[in-house]
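Me: I would like a close look at a single part of this structure. Please keep to plain terms and give the cut-offs.

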Amino acid sequence: MWSFFSRDPTKDFPYEVLDPVRGLDDRSVWTLHKGKKRGTQDEVSIFLFDVGKNSETLFDIAKASLKKLKTMRHPSLLHYLDSCETEKFLYVATEYVEPLATHIENMKLEGQQRDLFLAWGIFQITRALSFFNNDGNMKHNNVCLYSVFVTLAGEWKLGGFEFLAAHGQDSTNPIPIKILPALEIYDPPEKKDTTKLKSVTKCSSDMWGLGCLIWEAFNGPLKTQPALKTVDLIPKQLCTLYCELVSANPASRPNPADIITRCRKMGGYFKNDLIDTMLFLEEIQIKDKVEKAKFFSTLSSYLDNFPEAVCIHKILPQLLTAFHYGDAGSAVLAPMFKLGKLLQDAEYQKQIVPCVVKLFASNDRTTRSRLLQQLDQFIMHLHNATVNDQIFPQVVHGFLDTNAIIREQTVKSIVHLAPKLNYNNINVEVLRHFARLQSKDDQGGIRTNTTVCLGKIATHLHPQIRQKVLVSAFVRATRDSFPPARQAGVLALAATQQYFLLAEVASRILPALCPLTADPEKQVRDAAFRTIKGFLGKLEKVSEDPSLKEGMEADVNTATPSLSNAAATWAGWAVTAVTAKFYRSHSDTARVQHAPKSVLSKPGSLEQPSSSSMSTTTSSVTSMTSLEHSESASDYDPEHWDMTAWGEIDSSAATTGASAKSPGSSGSAQQPALTALCEDDWDNDEWGTLQEQPTAEAELVSPSETWNNSSWVEPMNNANATYVRGSRLEHRPAHQNSGDSLAGWEDGEFEPIEENADENNASKMDELRRKREERKLQRQREMEARRSARGQGPMKLGTKITTPPPPF
């Protein structure tokens, strides 16, 4: 009747017993099972004792060990959660663990990771024994491979308290009799030699067990005691200590506290990066800010050598705790993001993303700077809604920051954020700030990077917005006073060429690029020439085969361009440049204020610095670079409009050349910003000679060698005159500037003809043809004379040509 009203105690036990875990076999009174907590489904381990299958003596031992487990608390001891006793079973729930024997058998760690893991584990067991022997004045009496368990974090926990006893409790028999026969192999030799019992200390039996554990950690389960003499697999750092631990004389075995002290010295077995890191994290709450900052700054370099389980389940939670509840600050970001890569996406969303959102809301500039620098490490884990609703509203404040470094890093961060931004954020907000930065920011590097980043995110813009914005933005960049900004504008036009209508190329882009062919900077000129050739190549192909036009303009109105990654690799020099030197010095705009002094103190022909001076200055301002003139791909092939076609930017400024200004413009105040920018760093006494490069002569020859001058017929003065080239008629638009001559070509060389010429004008045409042939021969003689004059040797910068050119 009483059994009818009695309750089942397992109903109050909040854990569910699952599958058994092998590894203990007959070496423990317990059987180990996996388990889960009801409600939360957290994994736990269940130690189960079957009352019906075991003797009363073993049952008493099991209950005694449970009582001791409840009262013992130490980081290196098995952590007790709950227990339940029924008529048939005794249940004990602990943190989730597996036997060390099973863990080592299945362990996949090799090399340094394996060595660090074993050293950390042996250290933890030694520390636990020091707690028992010294602090608790107790003896464990059961240290072996089967009394040690490993957590998910790779920590070794000492269990097996079945024979735990206070020191001196039984002076007649200090070494207890173990009921389980399989454990007798771990008994110290003094158990059988009564003459040595007098020299037994409070730690001698446990130190013997520690020696057996060290041997089994490197060799596997111990089969016979004589095998302990084999030390081939034990590290040399441990051999001396190991021999002391398994000494036949119990008095010669060291105290565990002394072992820790000895092995923690420089060069000791317990002196390594993993143990140093774990001990620091355990004491992080009592460390000062300087120590924390130093620790976190070096932690990232060690993580690759640490076992993955230790990183995920031990180090990362400690970092998150230090971030949330400590004053670790932004220093914790680098190792936290590096460890975050090891997490599954669900765990990343749960642990790392809330930290990221919280950090972006911080007003600390150092935190924001580090977040923006490391955005590429975690952006792939952020959902689009999180980026648009929580991240981007905080990032956009960086565009208005008074600190130039924050503004620049904010601009560069858009490259990573763009694929996840919604229509309004990328097509309205981003472009609004880009337009302001490109036109009004006082830092040349930021204006340059704005142009670069706009080219990189072009593929993510809406087609209609893209068609309205790109040409205007890049053309504006080509007129910037900062040379790298002009170069970035040219390269941006080249990299995004698939988004331009051919009519825009002819009417807006090419007219904007042509003035850059006379730019004071050779890098800008080279980029302009190559870009112009590319665009002209496209126009020429369409002119020959109009059916190609549709294919060349296919990407203009599409959101997914067929030429993938067209802007993925261009001008990476500007985005990745860390312009620390630039921001420590004056901005290029600030230096413009000193321009008049430099311009007035020297003739215009001497405003050009030497190449060595240019290299020094450009590297200190913003990683200006040189273009590789690789001609392997045709300049006219649109399939090669990529990094190989347009030259790769080299971070070194060693090949940066200084191009002289034309004598005709020496008296004008052209490019005052560049002159002022260079004034602070360029030595006026370093002016040298400009040696003409034969390769440049070959590349940039007079247009008369490319275009047959004899085939041109001079136009009339009316705006819509038609040019005759050979037997073909070519129309010149009204907006084209007839004053822009090439290689000395004057407007007077061209004679107009009527569009409706008839047979009666044949004599007039013959006369014009004769005059044209005479002028052709005269021009050829003049070009040959000029080339021979240039080939006679180097010309001093600033030297004026005294001989006037012959009249045409």
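Which residues does Ile 315 touch, not counting residues up to four places away in sequence?

Reply: This is a predicted model, in which local features need pLDDT of at least 70, side-chain atom pairs count only at pLDDT 80 or more, and totals for chains, interfaces and linings use all residues. Residues are numbered from 1 along each chain as its sequence is written, and side-chain values use heavy atoms, with hydrogens and water left out.

Leaving out residues up to four places away in sequence, Ile 315 touches Thr 277, Met 278, Leu 281, Leu 299, Leu 303, Phe 306, Val 310 and Leu 339; contact means heavy atoms within 4.5 Å. Ile 315 belongs to the largest nonpolar core, which has 165 residues, and together with Trp 156 touches the most other members. A nonpolar core is a set of buried Ala, Val, Leu, Ile, Met, Phe, Trp, Tyr and Cys residues joined through side-chain atoms within 4.5 Å. Buried means under 20% relative accessible area, exposed over 50%, and partly exposed in between, with a 1.4 Å probe and protein chains only. Helix H4 (residues 111-135) supplies the largest share of this core, 12 residues. Helices (H or I, at least four residues) and strands (E, at least two) are DSSP runs, numbered from the N terminus. Another core, of eight residues, lies apart from the largest one and includes Phe 13, Tyr 15, Val 44 and Leu 48.

Next, the sheet. Three strands form an open antiparallel sheet in the order E6-E8-E9, where two strands pair if DSSP finds at least two bridges between them. Strand E8 (residues 148-151) pairs with E9 over three bridges, and Phe 149 has Lys 157 in E9 as its bridge partner.
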